[in-house]
Amino acid sequence: MSYHVLARKYRPRCFQELVGQEVVARALSHALEQNRLHHAYLFTGTRGVGKTTIARILSRCLNCEVGISANPCGECSTCREIDEGRFVDLIEVDAASRTKVEDTRELLDNVQYAPTRGRYKVYLIDEVHMLSGHSFNALLKTLEEPPPHVKFLLATTDPQKLPITILSRCLQFALKPMTPERVVGHLQQVLAAEQITADDAALWLLARGAQGSMRDALSLTDQAIAFGHGALVEADVRTLLGSIDRDVVFRVLDALLAHDAAAVLAVVAGMAEQSIDFAGAISELISVLHRLAVAQAVPQAIDNSEGDRERLLAIAQALTAEDLQLYYQMALHGRRDLPLAVDARSGFEMTLLRMLSFRPDTRSPSASPAGSSDAQKAGAAVSVVPSVQAAPIVTAAPVSMPEPVIASVAAPVVAPVAAPTAHTPASEVADAHPQSRLMAGDWSAEAWAQWVERSGLTGAPLNLARHTYLHQQPNSAWELRLAPQFQMLAGGQAFPPLQQALARDFPAQAIHMSMVDPEVETPIQRRQRLLAARRAAAEDALRNDPVVKALESTFEARLIPESLTLTH
Ligand SMILES: [Zn+2]
């Protein structure tokens with residue numbers, strides 16, 4: 001007995017045997033049972049998902065000698081001839097090889113004649129999008145007025161290339177690509193029927209290698225059976241497909257997560273010993289990183305189609321989204337630059353080491369590892385969010401700079417001006433009103449600003465206070481000066497709380513407000529000046545940070561100064 005390739009031997013002969021296209025099978029079965037058939041069907045989908053198989057089943061359903069039904073007998077000569085591809089009224093055309101208008105015309109000229117043996121003449125035009133414009137016009141004329149004894153079954157991988165006039169005259173079915181689960185399930189049945197042993201990992205590899213095509217899965221399985229002398233073993237299949245052991249990629253990720261450079265190098269050395277293709281490995285790494293990103297965004301979207309769900313979810317939890325995005329970007333660059341490296345191994349190694357050294361430090365500065373950059377030591381936590389666009393954007397937030405040192409105010413305990421009442425010891429006054437010591441000595445803009453910030457005021461009263469200056473004059477009432485243009489700040493309920501705070505801290509002092517320009521730096525001006533200085537210093541520190549510099553040169557990243565956030 002001659003050996004039939006699996007794809008042909010196990011080609012479904014009725015809708016029940018059809019794998020993975022239940023929706024289409026049910027719709028067509030109902031149409032057949034109720035005898036409500038369209039004259040033209042269009043099946044779309046990637047290669048090997050069953051477009052022509054469905055078309056052939058449909059032509060059996062239409063022409064079976066027992067009668068039109070969703071369950072052709074499979075025994076009559078018509079059923080068998082269709083199976084064997086020699087039924088006279090099933091005209092199969094591969095449009096990819098017959099694109100000329102003459103071909104189509106010749107084909108369609110015969111449409112008007114009644115079927116020779118069957119009930120219907122069935123035209124199965126595969127890859128119909130390959131027809132020329134003239135051929136489409138010829139086809140369109142027939143579709144507009146189809147003879148009752150003709151059915152058109154069109155199949156294409158690329159429906160977008162079909163003229164809208166054709167599309168609108170067909171009943172369209174979009175066939176879904178086969179999920180790896182579905183392929184594995186089908187392969188298990190086929191191999192059981194063939195009495196061939198196979199391990200699960202090998203089947204998953206084949207299913208992934210088939211990329212949604214059942215036909216490809218079956219022909220790959222054919223090859224694997226021949227390669228493995230009648231059995232399917234993972235290692236053989238891996239060699240056959242040239243696929244990378246995904247476990248290696250997970251070991252790489254584990255080492256990266258542990259921030260363990262030695263472990264990373266050890267994994268790479270192991271890969272070199274196994275002669276693993278590093279270009280393939282980097283692609284595999286990219287695809288795992290993509291799945292990790294999906295796992296982080298929508299965990300339930302991760303199926304176990306690649307047999308790695310648990311491991312994937314665990315890593316997705318351990319990795320920050322920023323790290324992941326950065327790794328992905330670096331892996332893409334690594335793949336691009338691989339041909340430039342001295343050899344593939346060193347290129348791969350460099351990519352991983354880069355991931356280690358560029359790992360954004362999202363932990364607290366005190367926990368940063370030895371050898372981290374100066375900026376990190378200074379307390380700047382740099383968070384890097386690269387984008388996949390042409391110019392990745394680096395944002396840095398938050399950057400905490402050391403508080404500017406404020407010169408301490410020389411403060412004798414006893415205030416010469418705010419003399420305490422006779423029966424209260426001077427030290428108690430100072431303790432009760434620690435702020436009062438500020439007014440001693442040089443009453444500077446700085447001291448006033450400090451009082452304002454520590455006054456406990458909030459909201460509008462604080463804002464008002466920040467725009468004032470307390471002008472102190474010996475032996476007379478003090479002036480709380482507010483520039484006339486800020487007069488409106490003193491309106492409403494803003495002034496009374498400020499008054500109370502002043503009375504609390506300077507109980508013996510008469511203070512009145514005057515609308516004159518303070519002529520010294522007010523607390524608000526001081527804040528703005530210091531903030532600008534801190535921002536400039538932070539920007540400077542970041543610009544000179546070696547990590548940022550490397551990001552800029554390697555990833556065409558640019559620093560966005562406006563994105564800096566200063567923490568207080
Ligand atoms: Zn039949």
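**View 1. Along the chain, the donors of the zinc ion follow the spacing C-x8-C-x2-C-x2-C.** Welcome to a predicted model, in which local features need pLDDT of at least 70 and side-chain atom pairs count only at pLDDT 80 or more, while totals for chains, interfaces and linings use all residues. Residues are numbered from 1 along each chain as its sequence is written, and side-chain values use heavy atoms, with hydrogens and water left out. The protein donors here are Cys-64 (SG), Cys-73 (SG), Cys-76 (SG) and Cys-79 (SG), at 2.2 to 2.3 Å from the zinc ion. Donors are N, O and S atoms within 2.8 Å of the metal (3.2 Å for Na, K and Ca), and water is not among the atoms, so sites may look incomplete.

**View 2. Helix 8 (residues 180–194) packs with helix 10 (residues 214–227) at about 45 degrees.** Their axes are 11 Å apart. Helices are DSSP runs (H or I, at least four residues) numbered from the N terminus; axes are lines fitted to C-alpha atoms over the stretch in contact, and angles run from 0 to 180 degrees between N-to-C directions. The two helices are therefore oblique to each other, the word for whatever is left once angles under 35 degrees count as roughly parallel, over 145 as roughly antiparallel and 65 to 115 as roughly perpendicular. On helix 8, look for Arg-182, Val-183, His-186, Leu-187, Val-190 and Leu-191; on helix 10, find Met-214, Ala-217, Leu-218, Thr-221 and Ile-225. Contact means heavy atoms within 4.5 Å.

**View 3. Helix 10 also packs with helix 11 (residues 234–241), at an angle of about 120 degrees.** Here the axes are 10 Å apart, and the angle makes helix 10 oblique to helix 11. Leu-220, Gln-223, Ala-224 and Phe-227 of helix 10 meet Asp-236, Val-237, Thr-239, Leu-240 and Leu-241 of helix 11.

**View 4. Helix 16 (residues 321–337) and helix 17 (residues 344–357) pack at about 155 degrees.** Tyr-327, Met-330, Ala-331 and Gly-334 of helix 16 make the contact with Thr-351, Arg-354 and Met-355 of helix 17.
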